[in-house]
Amino acid sequence: MKTVIYNGKIILQDQIIENHNLYYENGKIVAISEKKYDCDNSIDARGNYVSPGFIDIHTHGAGGADFLDNSVEAYITAATVHARYGATAIVPTLTSIDIDGMKGTIDVFKKVRDTEANCAQMLGLHAEGPYFAQSQKGAQEPRFIHDFDEDEYNEILKIGGDCLLRWSAAPELPGFEEFADAVTKYDILPCIGHSDAEFECVEKAKNAGFTHVTHLYSGTSTVHRRNAFRYAGIVEAAYYFDDMTVEIIADGIHLPPSLLKLIYKLKGPDKIALITDSMRGAGMPEGESVLGNLNNGLPVIIEDGVAKLMDRSAFAGSVATCDRLVRNMVNLADVPLADAVTMASLTPAKILNIDNKGALKPGYDADIIIFDENIDVKNTIVNGRVIF
Ligand SMILES: [Zn+2]
């Protein structure tokens, strides 16, 4: 079954082309050409943009569901809402929880990862914690945060090593090298997050495999003083080392336009992944909600387009969807559309070593979205299947 998408502006990595057709067959893109070939199906893009599907490598949920609710329905609900807003693939993310909670959600993930439901593909899990610095806990549950525990992570790796794609941790804690060794054996990317590491520690961690920074500027150290002397932190190291990648919550609230512009200028589209870091309130009306598991999570309030702790002292996750991230980079940070799309598709795929996703190229998966000038998503196609 060959399908053509015609009458669209096709977003390639460095340019946007018109008067071309995009062809896909058996879930793979086969050609982008001015020529017309016979097809079984055709999709009229009606002058809109034809873009690679977005890949959100850090989301906790959406549509009222959190991945820590530990049910198949929760995973499908969240992945369906994300698809509605342009994500063709996501990396379900688990906040710090005890080992039983982690094992439970890994079991659920195993049941849903090959789902045929009309939702974003779930590529693998991101364990966000529990080996974090209490001083950078953010909205993470403090009672679950602790130092590296070799027995614990080895047990999780044994049952879920093939389910995890990334694991965020604080490398200033003792034992970070052993941790990096253990997870990289399973092709899991160790990421620096919720950490007070200083520059020299980040360099050592990078050499051990921690090449990616989890939500830069949220739970990451920066220049600080100790006994009158200044020390650089994760932020400076992320800028300094060209071989480090970062992800940013581009909901327009966690980071002001000035920082979005600075990060883009210093790191460029090939080193930045746009993430939602969305909690269950994404795609839902504002009001009271819960961060983490529905039964024992943290009560939060969603207002002004973001989740906040009840006392409004800190943000407690975003309610963004991927379309909003791309729209913000274009409107708030003056980033060209093709670069904004790269940061939401190809770069996150490359960071996690996911082949054949994130670009409109022959041989790549037919993960395609169609959106208008306002980045309002009209269609979502996952592996060649129109799901929205
Ligand atoms: Zn998160």
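**First stop: a pair of strands.** The model is a predicted one. Begin by selecting residues 298–303, which form strand E20, together with residues 306–309, which form strand E21; the two strands pair in the antiparallel sense over four bridges. Next, pick out Glu-303 and look for its bridge partner in E21, which is Val-306.

Select Lys-308 and find Phe-315, its bridge partner in E22. The hairpin of E21 and E22 has five residues between the strands, and in this hairpin Arg-312 takes a positive phi near 60°.

Select residues 150–160, helix H3, and colour Tyr-153, Ile-156 and Gly-160, which are buried. Why do these residues lie on the same side of H3? They do so because they cover an arc of only 60° around the axis. Then select Glu-150, Asp-151 and Lys-158 on the other side of H3, where these residues are exposed. To see what covers the buried residues of H3, display helix H2 (99–112), strand E12 (164–169) and helix H4 (176–184), which are among the covering elements.

Select Asn-70, which is found in the loop between strand E8 (65–66) and H1. Is Asn-70 buried or exposed? Asn-70 counts as buried because it has 20 C-beta neighbours inside 10 Å. Leaving aside residues up to four places away in sequence, Asn-70 touches Gly-104, Thr-105 and Val-108. Select Phe-109 as well: Asn-70 and Phe-109 are 39 residues apart in sequence, and their C-alpha atoms are 8.5 Å apart in space.

In soluble globular proteins, nonpolar side chains tend to be buried together. In this model, the largest nonpolar core has 123 residues, and those with the most contacts inside it are Ile-248, Leu-274 and Met-329. Select residues 72–84, helix H1, which contributes the largest share of this core, six residues. Apart from residues up to four places away in sequence, Ile-248 touches His-215, Leu-216, Leu-255, Ile-263, Ile-272, Leu-274 and Ile-275.

**Last stop: the whole chain.** Finally, clear the selection and display the entire chain, which has 10 helices and 25 strands. The radius of gyration of the chain is 20 Å, close to the 21 Å that the globule rule gives for 388 residues, so the chain is as compact as a globular protein of that length. The C-alpha trace spans about 70 × 40 × 40 Å along its principal axes. Of the 388 residues in the chain, 53% are buried. Among the contacts with a separation of 6 or more, 69% are accounted for by residues 24 or more positions apart.

How values were computed:
Residues are numbered from 1 along each chain as its sequence is written. This is a predicted model: local features need pLDDT of at least 70, side-chain atom pairs count only at pLDDT 80 or more; totals for chains, interfaces and linings use all residues. A nonpolar core is a set of buried Ala, Val, Leu, Ile, Met, Phe, Trp, Tyr and Cys residues joined through C-beta atoms within 7 Å. A residue is buried if 20 or more other C-beta atoms lie within 10 Å of its own, exposed if 12 or fewer, and partly exposed in between; C-beta atoms are placed from the backbone. Two residues are in contact if their C-beta atoms, placed from the backbone, lie within 7 Å. Two strands pair if DSSP finds at least two bridges between them. The arc is that of the directions from the helix axis to the C-beta atoms. The radius of gyration is taken over C-alpha atoms; the globule rule is 2.2 Å times the number of residues to the power 0.38.
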